[in-house]
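Hello,

Here is the structure I promised to pass on to you. Please open it alongside this email, and I will go through what I found.

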Amino acid sequence: MRWVVDNVDVLASRTFAHLAIALPAIALSVLLAVPLGWLAERFRWLRSPLLTGSGLLYAIPSLPLFVVLPLVIGTGVRDPLNIVIALTLYGLALMVPSVADALRTLDSRVLDSANALGYGPVRRFFTVDLPLAGPTLLAGVRVVSVSTISLVTVGAVLGVPSLGLLFTDGFQRGIIAEVVAGIVLTVLLALLLDRLLVLVGRVVLPWTHQPSRPAGAAA
Amino acid sequence: MIEFENVAKHYPDGTVAVADFSARLPAHTTTVLVGSSGCGKTTLLRMVNRMVDPTSGRVLIDGEDVATQDPVKLRRRIGYVMQHAGLLPHRKVIDNIATVPMLNGVSRADAHSRALDLMDLVGLDPKLAKRYPSQLSGGQQQRVGVARGLASDPNILLMDEPFGAVDPLVRRDLQQELLRVQSELGKTIVFVTHDIDEALLLGDQIIILAQGGEVAQRGTGTEILTTPADAFVSQFLGIDHGGRALHPQSSSTGATILVDGYGRAAGILSGALPGHTTGTQP
């Protein structure tokens, strides 16, 4: 506990560095997954390559990926950008199938009705399909968020600053409090972000949080 | 006026939804397309707003071929009411009703005030405006569907079994409401149903369809009831076994009830019980 009190500034800067990697990776994977998931759902021949391909991404062990990526994209080994890109790929592996599923399971009667009202294809996608896919997408984003927050720590092995550095540093120097602080903060961060996503969901998807039809509602 | 000129709809798998159908639907009247499932009635309805394009033949609105018009723009000027209302679950009642005017570029404030007027027209409490569709009963949702279909003040209203999913009491209410609204607005309504009683109640013109969009008979309700064209129509009307021929019969309470050919009590003889003239069933 004493170590924690003495090193609050270290903990804060590690937490900040952690978020600086995790948040862009989560955002990028969601933003990229929407068009990819749409393609997988829209064109049958693309479905299998996209879904299998994104699934395979997840099978690549993270450490080798962190090591190989800088060679491919020409960044330094300790550049946080490597981790952001690698985690975006993992996020895609989870999100692309989620988007494709969400779009495939939309109520076809509602979409038909939107067409009959005179929605053009682009407007329908952004104002009907996407919002209605919202609850399923949110579930996917929550998984990606927790998974990403946790995976960021692996970068510490390469010396990229994050809460993971607290494990490696604490382990090497035999400071148990530092290791424990690292684990606790990572878990707290994941929980916090998850709660935040749920709250955002309530604001953005208000119709999913209404009390259902009042009892005895007449015609 | 809507005209169907020898329209056909074939699907790639060889299914013939409509073989060869022609009809004239006069403006400001209600035409009911009635038939069992598979008779192509919904397919025909959906040809009017290009939700389905015919394989051959033409559909004309006031002499203009719909095939020459942009489907999205065409749909925005034709009201459409479907079974299960088809409301957008993520939008409030008032936004659902205001959808088409807003797609047409009407300001939000104007579209909302129009939506409130329409809620009044179809008998919906304005307090429901801020609810989501899932918070309404089936009958209320269907009323919202009708209000939405009328929102852009279209000349044409397409109704695809709009009252098929609500219970009989509510359906009767909605039918009466539609008759009232239609007497005020005089739209050109195309109404699809499999319920012959609904057709007889609502249709100025009734077109009875057999499989593949073949016209079994067309005419007013009276014409069809009094001179059914063939055995199929008689069977469809339920008059083949005397289903619509009513015979008086004395009941144990002393009143005279009318019984149809199936032995089903169809109503009470009006006047037999003074003051009870509303007991007849449709």
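Predicted model: local features only at pLDDT ≥ 70, side-chain atom pairs only at ≥ 80, totals over all residues.

His28(B) has a phi near 60 degrees, a positive value in a residue other than glycine. With 13 other C-beta atoms within 10 Å, His28(B) is partly exposed. Asp62(B) also has a positive phi without being a glycine, here near 50 degrees. You will find Asp62(B) in the loop that links strand 4 (56-61) to strand 5 of chain B. Asp62(B) counts as exposed, because it has 11 C-beta neighbours inside 10 Å and the cut-off for exposed is 12 or fewer.

Now to the sheets of chain B. Four strands of chain B form an open sheet in the order 2-1-4-5, with antiparallel pairing. Its edges are strand 2 (16-25) and strand 5 (64-65) of chain B, each of which pairs on one side only. Six bridges join strand 1 (residues 2-10) of chain B to strand 2 of chain B in the antiparallel sense; in that pairing, Ile2(B) has Leu25(B) as its bridge partner.

Further along, strand 9 (residues 205-210) and strand 10 (residues 214-219) of chain B pair over five bridges, also in the antiparallel sense.

What are the bounds of the two domains of chain B? Domain 1 covers 2-237 and domain 2 covers 244-282. Over C-alpha atoms, the centres of these two domains of chain B are 34 Å apart.

Chain A is built from nine helices and has zero strands. Its C-alpha atoms fill a box of roughly 70 × 45 × 20 Å along the principal axes. Of the 219 residues in chain A, 33% are buried. Among contacts in chain A between residues at least 6 apart in sequence, 71% join residues at least 24 apart.

The buried residues of helix 9 of chain A include Glu178(A), Gly182(A) and Leu189(A). The buried residues of this helix pack against helix 1 (2-6), helix 2 (8-42), helix 7 (121-151) and helix 8 (164-173) of chain A.

Where the chains meet, 24 residues of chain B are in contact with 21 residues of chain A. Elements giving two or more residues to the chain B side include helix 6 (138-150) and helix 7 (168-185) of chain B. That side has 11 nonpolar, 10 polar and three charged residues.

Last, the core. The largest nonpolar core has 114 residues, and Val96(A), Val48(B) and Leu158(B) are among those with the most contacts inside it. Helix 5 (residues 80-104) of chain A gives the largest share of this core, 15 residues. Beyond its neighbours within four places in sequence, Val48(B) is in contact with residues including Ile2(B), Leu158(B) and Val190(B).

Best wishes

How values were computed
Residues numbered from 1 in each chain as written. Chains lettered and ligands numbered in written order. Contact = placed C-beta atoms within 7 Å. Nonpolar A, V, L, I, M, F, W, Y, C, P; charged D, E, K, R; others polar. Domains from an automatic or database assignment. Buried ≥ 20, exposed ≤ 12 C-beta atoms within 10 Å, placed from the backbone. Core = buried A, V, L, I, M, F, W, Y, C linked by C-beta atoms within 7 Å. Pairing = 2+ DSSP bridges.
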